[in-house]
Amino acid sequence: MSTTPFVSVIVPVWNGAGEIERCVAALNAQSYPRERYEILVVDNGSSDDTPNILGRLPNIKVLSETEPGSYCARNLGLRHASGDVVAFTDADCVPDPAWIETGIARLIGRPDAALIGGRIEHFSEASESETCRLYELTFSFDQETTIRKGRCATANWMSPLGVLRKMGGFNAQLKSGADFELSRRLFDAGLTLLYEREMVVRHPFRGGWRELLNKRRRTTGGNWELLEGMRAKLRYVAGIPFGWAQRIAMIAGNTSIPLHRKPGVATLVSALSIVQIAEIVRLALGGNPRRR
């Protein structure tokens, strides 16, 4: 691999009129040589003003994937990518100016790596609930820990393109969690997954309870689809109370959460567990996993 390999950045977007322009501006402002990377934005059937916005943004290639699901969109990007390396982020994210440069430097230094996952920081873009902010700071986007377990979020991911094509890309049947599923396949194949703290992408806080509850419904569907057999599903359901208890204990022992805020964060954790159980019941009765 050369010292400046060509990079294909893939960004799926669905009804992202309020955020995609900010993401593309950050990608166009990278410190990596501009002639050595391309930006592929894959519109996934947006019904808002996203297509019109994409039509006027500079230095991007716009693709269209009508099959619902962000992993369908990412797979289309993989098929059209012309880089030696592929990088993923999300439409609501803002990559650091040195994001590509830092990831490539780490990838060149570790030619055995199949995946480099970077740090995901939160930022405020609205008057989010303080309870939700504290919850996300405590429990969301701990890439360093998840990569050690063989999982990585596509909000901040870089890999040699050939490796992902050889693995067959993402499981497009999944509406949620296919990034964890693919990274787990890489891990289980004995390939190297690395964390790079200085490869930074910023993600907005989710503003309120509704956003977090909807995310839990969506991720529950993704997890449920990955389970094979009744025994695995029963273990998953049985683990919910233990996960709840573990998080309540983490809240109780977390000195960064003010004492008067702990009951609210604990209540949110409980509500998320209840929603998770309700979603499992809906899926078990024949419901389809949710997209958003």
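At the start of helix H5 (residues 130-139), a side-chain oxygen of Ser129 comes to within 3.2 Å of the backbone nitrogen of Thr131. The model is predicted, with local features requiring pLDDT of at least 70 and side-chain atom pairs pLDDT 80 or more, while totals for chains, interfaces and linings use all residues. Residues are numbered from 1 along each chain as its sequence is written, and side-chain values use heavy atoms, leaving out hydrogens and water. Helices (H or I, at least four residues) and strands (E, at least two) are DSSP runs numbered from the N terminus.

**Helix H5**
- The buried residues of H5 are Thr131, Cys132, Leu134, Tyr135, Glu136 and Phe139; buried means under 20% relative accessible area with a 1.4 Å probe, protein chains only.
- Their cover includes strand E6 (113-123) and helices H9 (209-226), H10 (230-253) and H11 (262-284).
- Phe141, which follows H5, has a positive phi near 60 degrees.

**Aromatic pairs**
- Rings of Phe, Tyr and Trp (its six-membered ring) pair if their centres lie within 6.5 Å; planes under 30 degrees apart count as stacked, over 60 as edge-to-face and the rest as tilted.
- The count by this rule is seven aromatic pairs.
- Tyr135 and Phe139 form a tilted pair, 5.1 Å centre to centre with 50 degrees between the planes.
- Both of these residues lie in H5, four residues apart, about one turn of the helix.
- Tyr135 has a relative accessible area of 6%, and Phe139 one of 14%.
- Trp224 and Tyr236 are also tilted, at 6.2 Å centre to centre and 55 degrees between the planes.
- Trp224 belongs to helix H9 and Tyr236 to helix H10, so their pair ties together parts twelve residues apart in sequence.
- Trp224 and Tyr236 are both buried.
- Tyr71, Phe88, Trp157 and Phe170 are linked into a cluster by ring pairs.

**The sheet**
- Eight strands make an open sheet of mixed pairing, in the order E3-E2-E1-E4-E7-E6-E8-E5; two strands pair if DSSP finds at least two bridges between them.
- Strands E3 (61-64) and E5 (94-95) are at the edges with a single partner strand each, so one side of each has no neighbour in the sheet.
- E6 and strand E8 (residues 192-204) run parallel and are joined by ten bridges.
- Gly118 stands opposite Glu196 in E8.
- Helix H8 (residues 178-188) packs on the sheet and touches E6, E7 and E8, where contact means heavy atoms within 4.5 Å.

How values were computed
Buried means under 20% relative accessible area, exposed over 50%, partly exposed in between (1.4 Å probe, protein chains only). A polar contact is a pair of N or O atoms within 3.5 Å; within protein, one must be able to donate a hydrogen and the other to accept it, and residues adjacent in sequence count only if both atoms are side-chain atoms. Axes are lines fitted to C-alpha atoms, for helices over the stretch in contact, and angles run from 0 to 180 degrees between N-to-C directions.
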